[in-house]
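Please view the sequence and the coordinates together while reading.

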Amino acid sequence: MYVPFKYVSSKRTTNAKRRYPRTIRALAQRKRCLWRLHRRRPNPDDQQLHDRYRQSAKEYKSAVHAYELSKERHILDTGNTGAFYKYINSKLGRKHDIGILEDDNGQYVTCDADKAELLNSYFSSVSVQDDSRNPAFKRRVADEVKIDTVQFSPARLLKICKKLNSKTTGDPDGYSNFLLKQIMPAISVPVCSLFQSFMSVGKIPQGWRKAIITPLYKKGSSSQVTNYRPVSLTSIFSKLMERVISIDLINYLRQHRLITKDQHGFLTKKSTATNLLESLNDWTLNIEKKNHQSVAYIDFAKAFDSVCHNKLLLKLTAYGICGSLLNWISSFLSHRFCQTRIGNCLSSSLHFQY
């Protein structure tokens, strides 16, 4: 009863995402005004008003056409290959719809429900089966060095929520990052207590293991399911708890020098750009010293899908991660299942096997 109402119009114009110059916007406004007058007076004898509307529509269409041509000409004249292909992909890409797919038997799949089942079967089968043989991995820290739990506080949750992207899609339960950022000041204390209770028992709710997959086209033939990559939508509360745990784990690994300084991936203030800068500096020094320089690039196919969870947990134990924290990570990685959404159709649930 104390929540204010805000009425939002659901009308969307055709060119809502396009930003035209002021002259074209003026022509569009004039065209809409003449159309409203023409609808109020649909008298066939009022030929003058009809001709004015037709002329205005023709001028607007010509202005838009000329503007698009000038924009394309500008992209060609600049010689920027990246901008050129970005413009072409925006015209040819399929952002939401999935085209006709081909199954293993060479049959074409056109129904959204069958497409969702086919893609979901592929996404759940790309993982590597564990051979149940754990390699010898010695403990990398002293016996007294360990991290067995993570502490949650309302201040930490509020700080992390401020950095969330408000434009992302909602989770399987319908909650969005925008909603979470708005209500977190009021629910930070009970959410903090809830996260602390999950950490104390080393388990997560069953709903957090569910993922709704949206397939995204990569490259190659659009009819092959292998040319799509999955983007999983999981619970935003699970992501919030993951973020807190990830921060403490990275700080622990850095403090005890368990992460090499040469790593640039998945670390704050480091990226492929910093990696290239350091590499370029080393190469330049070797060239100035007239030394030979050999560079090896390694790309692991489906690297994240190739990680066996039992071996990962063994390595985490060797790093001093134990107790309820290790149990929570084990619970987070086990018994996960996914569903793929195509349009309004949702596939059946399949478990990931690692």
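## Cysteines

The model is predicted. Cysteine 33 is partly exposed, its relative accessible area being 31%. Cysteine 192, by contrast, is buried, with a relative accessible area of 8%.

A disulfide is a covalent bond between the sulfur atoms of two cysteines. A pair of sulfur atoms has to lie within 2.5 Å to be counted as one. For cysteine 192 the closest cysteine sulfur belongs to cysteine 161 and is 12 Å away, which is too far for a bond. The count by this rule comes to 0 disulfides.

## Burial of helix 10

Helix 10 spans residues 323–333. Of its 11 residues, 8 are buried, so helix 10 is largely enclosed by the rest of the structure. The buried residues are Ser324, Leu325, Leu326, Trp328, Ile329, Ser331, Phe332 and Leu333. Their cover includes helix 6, helix 7 (236–255) and helix 9. After helix 10 comes histidine 335, which has a positive phi near 55°.

## Helix 9 against helix 10

Two packed helices are described by the angle between their axes and the distance between the axes. Helix 9 (residues 309–318) and helix 10 have axes that come within 11 Å and cross at roughly 165°. Helix 9 is therefore roughly antiparallel to helix 10, and the crossing is right-handed.

On the helix 9 side, the contact is made by His309, Leu312, Leu313, Leu316 and Thr317; on the helix 10 side, by Leu326, Ile329, Ser330 and Leu333. These residues divide into 6 nonpolar, 3 polar and no charged. The buried residues of helix 9 are His309, Leu313, Leu316 and Ala318, and the buried residues of this helix pack against helix 10. Just after helix 9, glycine 320 has a positive phi of about 95°.

## Helix 6 against helix 10

Helix 6 covers residues 177–201, and its axis comes within 7 Å of that of helix 10, with a crossing angle of roughly 95°. Helix 6 is therefore roughly perpendicular to helix 10.

Phe198, Met199 and Ser200 of helix 6 meet Ser324, Leu325 and Trp328 of helix 10. The residues of this contact divide into 4 nonpolar, 2 polar and no charged. Ser324, Leu325 and Trp328 are also among the buried residues of helix 10.

Asparagine 227 is buried, with a relative accessible area of 16%.

Histidine 292 sits in the loop between helix 8 (272–288) and helix 9. Its C-alpha atom is separated by 51 Å from that of asparagine 177, the two residues being 115 residues apart along the chain. Asparagine 227 belongs to the loop between strand 3 (210–217) and strand 4 (228–233). With neighbours within four places in sequence left aside, asparagine 227 is in contact with Leu216, Tyr217, Lys218, Lys219, Gly220 and Ser221.

Methods:
Residues are numbered from 1 along each chain as its sequence is written. This is a predicted model: local features need pLDDT of at least 70, side-chain atom pairs count only at pLDDT 80 or more; totals for chains, interfaces and linings use all residues. Side-chain values use heavy atoms; hydrogens and water are left out. Axes are lines fitted to C-alpha atoms, for helices over the stretch in contact, and angles run from 0 to 180 degrees between N-to-C directions. Helices (H or I, at least four residues) and strands (E, at least two) are DSSP runs, numbered from the N terminus. Angles under 35 degrees count as roughly parallel, over 145 as roughly antiparallel, 65 to 115 as roughly perpendicular and the rest as oblique. A crossing is left-handed if the near helix is turned anticlockwise from the far one by less than a right angle, and right-handed if clockwise. Contact means heavy atoms within 4.5 Å. Ala, Val, Leu, Ile, Met, Phe, Trp, Tyr, Cys and Pro count as nonpolar, Asp, Glu, Lys and Arg as charged, and the others, Gly among them, as polar. Buried means under 20% relative accessible area, exposed over 50%, partly exposed in between (1.4 Å probe, protein chains only).
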